[in-house]
Amino acid sequence: MQNPYLPYPVRVDDIEVATEDKSLKTFKFVFLNDGDEKKFAYKAGQFAELSIPGVGEIPIGIASSPVEKGFVMFTVFRAGVVTTHLHNMKTGNIMGIRGPLGNWYPWDMLEGKNILIVGGGFAFTTLRSSIVYMLDPANRSKFGNIDVVYGARTPGMLLYKDELIEWEKRDDINMHLTIDAPAEGWNYNVGFTPPITEEKAPKGDENTYAIVCGPPIMIKFTLPVLEKLGYSNDHIIMSLENRMKCGFGMCGRCGIGKELVCKDGPVFTLDQVNQTPKEY
Amino acid sequence: MKVVIIDKGQWAEDLEGLKKSYQLFGPVGEKDYTVFKTLEKGMLPDFSTLNTRLSPKSIVFPQSEDILEFSLDETREDHHIMKEVKKDHPSRAVFGIRPCDAKSISLVKLNFDTAEYKDPYWLSAYEATTFVGLACDNPASTCFCTTAGCGPYHEEGLDVLLTDEGDHFVAKALTDKGETLIKTAGWATETEDTFKLKKKTAESKITSAVETGNLENLEILDLHGATFWDDISFACLNCGTCTYVCPTCWCFDIQDEVHGKSGKRMRNWDSCMFPLFTIHTTGHNPRGTKMQRVRQRFMHKLKYFLDKYNQGIMCVGCGRCVRQCPVNIDIRRVCNLMNSYKPEDACAAQE
């Protein structure tokens, strides 16, 4: 069995500033060794440890999609020691990636269902992975209606803006983009994510699941909206975050009750979250 | 399995002989305490201490251990590529590990040896080690092993169990590993199995106990919201002593260290008592108060572990935390409070 602490060596292939305030960058990595990409087979919703030798590791959701080949992509907010080093890296630099880790959005169960995605701020990475996966020609017919509510403070703070605009033009996905306050040239919704969700999102029923990722404040006000719309707690899917080290359930710090966010999660239904201590 | 006599007159010579085939560990006096150390040439294990200050968990789970190495020298082809630090453990044997500490290693194994992931460092050390236990005929007042799923003659996790008979030891092989060690040592004088009787006598000397029978029936959220946590944690200093001396505590941290152009990734014991254990980069801390951290430690040991593995509590009753806590927080009291908790009383109090 493979040593779970040992990262795959990767080369930084591309770095792009992701938001207007430059606090987020999107990194594309290419595996150095043949065969490692195949071993890194992942599903939308999983995360990986980005590993910089001599600095440390950070758990980050995988933003690329399983249907995209030849690279893996992560969008990272500059916040601490490792993310700052990452932001200072140049294309061509060598580092490591460990994973894929954690569970994923329950794709088998979601087949044949309508999907509502609610995202806020920079918690849109694994949601992007999910949307690209569902929109892939080989997969689109497996799902019913797809609705996406995605909000950010300003147009320049929306991640993957080019793709968002492309998706707006399609008729097999209903995009509901929103920003906090009116801005010049903005032709979409204005308002916080929860009220826009209330206004635009489809009603909840047995065949409709909501995947929700965003800052705590957005989650707090979106959950009552979803309840009002008729989504039951086992039809609301969330992705939790906690401080992590190992990422595969051994080091002990990310526990919420008997569940470990890294291994039993990060994806939980609201029903499951409600049965654990609120220690995330 | 074999039961043999080991003549104490031959003990030193026999162990010296064993050192040719095994790296031996045992309890050794160091300043005011006894610690488990490698027995160098001429050193004998000191069996006079019941429980060492630190548990022998470090033999398979060192307090600090290199796991990966790398070079940052860009003139090298493999710069910034991390490599496994290979552990080439020789055959090793621990002499004088107490049954509680041996059982704790089998509990910790549940964490490091799973169907999905295996910790190669812990497992290679574990697999290379033969555990030669020493039964406890004179337990301490803080020993509560018999009600913590263990006992003074408990065999789980051991390869050989020794009992002291004055001028000789009686050794019982419990596994093939144990048989091999006994054979290698040349201990061949077989004798009767008197362990049963001695076990009963030793168990009857243990007067301290915990009650655990009701823990499985309680809901996690009820216990988590119980009213007694503020009281339990009031005096706690969050010093972490309990987690460091505990044989079943396994939580660890991973850190990188660089000297010049070469570096190592290591793992170090960590503790749920420390705020840094869980703090997010944003500053948000899911267990930001001392009460939350104390609750985490006891809930993990006495409820989460029990629910997750169905192998009893994550405590073997060694009593180290009871003896060494600077403010006298006593896991036996906490366990009994948890076990007898009635959530409906808390609801009634709130109404």
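Tutor: Start with Leu50(B). Leaving aside neighbours within four places in sequence, Leu50(B) is in contact with Arg98(B), Cys136(B), Asn138(B), Pro139(B), Ala140(B) and Cys143(B). Keep in mind that this is a predicted model.

Student: What makes these residues contacts of Leu50(B)?

Tutor: The cut-off is heavy atoms within 4.5 Å. Arg98(B) and Cys136(B) are among the residues that meet it with Leu50(B).

Student: Where is Leu50(B) in chain B?

Tutor: Leu50(B) sits in the loop between strand E3 (33–38) and strand E4 (64–71). Pro27(B) is 23 residues away from Leu50(B) in sequence, and their C-alpha atoms are 9.8 Å apart.

Student: Why is Leu50(B) called partly exposed?

Tutor: Buried requires under 20% and exposed requires over 50%. Leu50(B) has 21% relative accessibility, so it counts as partly exposed.

Student: Why is Phe112(B) called buried?

Tutor: The limit is under 20%. Phe112(B) has a relative accessible area of 0%, so it is buried.

Student: Which residues touch Phe112(B)?

Tutor: Not counting residues up to four places away in sequence, the list includes Phe61(B), Tyr117(B), Trp122(B), Leu123(B), Phe252(B) and Arg267(B). Met250(A), from chain A, also touches Phe112(B). Trp250(B) is another of the residues touching Phe112(B). Those two, Phe112(B) and Trp250(B), are 138 residues apart in sequence but 9.1 Å apart in space, C-alpha to C-alpha. Phe112(B) itself belongs to helix H2 (residues 99–112).

Student: What else describes chain B as a whole?

Tutor: Chain B has 12 helices and 11 strands. Of its 351 residues, 53% count as buried. Chain B exposes about 15,700 Å², with carbon and sulfur atoms supplying 49%.

Student: How is chain B divided into domains?

Tutor: Domain 1 of chain B covers 3–63 + 85–204, and domain 2 covers 215–255 + 269–345. Each domain gives 27 residues to the contact between them. Their C-alpha centres are 28 Å apart.

Student: And what are the domains of chain A?

Tutor: Domain 1 of chain A is 8–101 and domain 2 is 107–239. The C-alpha centres of these domains lie 24 Å apart. Here 21 residues of domain 1 are in contact with 18 residues of domain 2.

Student: Why is helix H4 of chain A called largely enclosed?

Tutor: Count its residues. In H4 (residues 125–135), 11 of the 11 residues are buried, so the helix is largely enclosed by the rest of the structure. Arg128(A) and Tyr133(A) are among these buried residues, as are Leu127(A), Ile131(A) and Val132(A).

Student: What about phi of Asn238(B)?

Tutor: Asn238(B) also has phi near 55 degrees, a positive value in a residue other than glycine. Its loop runs between helix H7 (229–233) and helix H8 (241–245) of chain B. Why is Asn238(B) buried? Its relative accessible area is 13%, under the 20% limit, so Asn238(B) is buried.

Student: Which residues does a cis peptide bond join in chain A?

Tutor: One cis bond joins Gly99(A) and Pro100(A), with omega about -5 degrees. Pro100(A) is in strand E6 (residues 94–101). Another cis bond joins Gly265(A) and Pro266(A), with omega about 10 degrees. Pro266(A) lies in the loop between strand E14 (259–260) and strand E15 (267–269).

Technical notes:
Residues are numbered from 1 along each chain as its sequence is written. Chains are lettered from A and ligands numbered from 1 in the order in which they are written. This is a predicted model: local features need pLDDT of at least 70, side-chain atom pairs count only at pLDDT 80 or more; totals for chains, interfaces and linings use all residues. Side-chain values use heavy atoms; hydrogens and water are left out. Helices (H or I, at least four residues) and strands (E, at least two) are DSSP runs, numbered from the N terminus. Buried means under 20% relative accessible area, exposed over 50%, partly exposed in between (1.4 Å probe, protein chains only). Accessible areas come from the Shrake-Rupley method with a 1.4 Å probe; for residues, only the protein chains shown count as cover. Domain bounds come from an automatic or database domain assignment.
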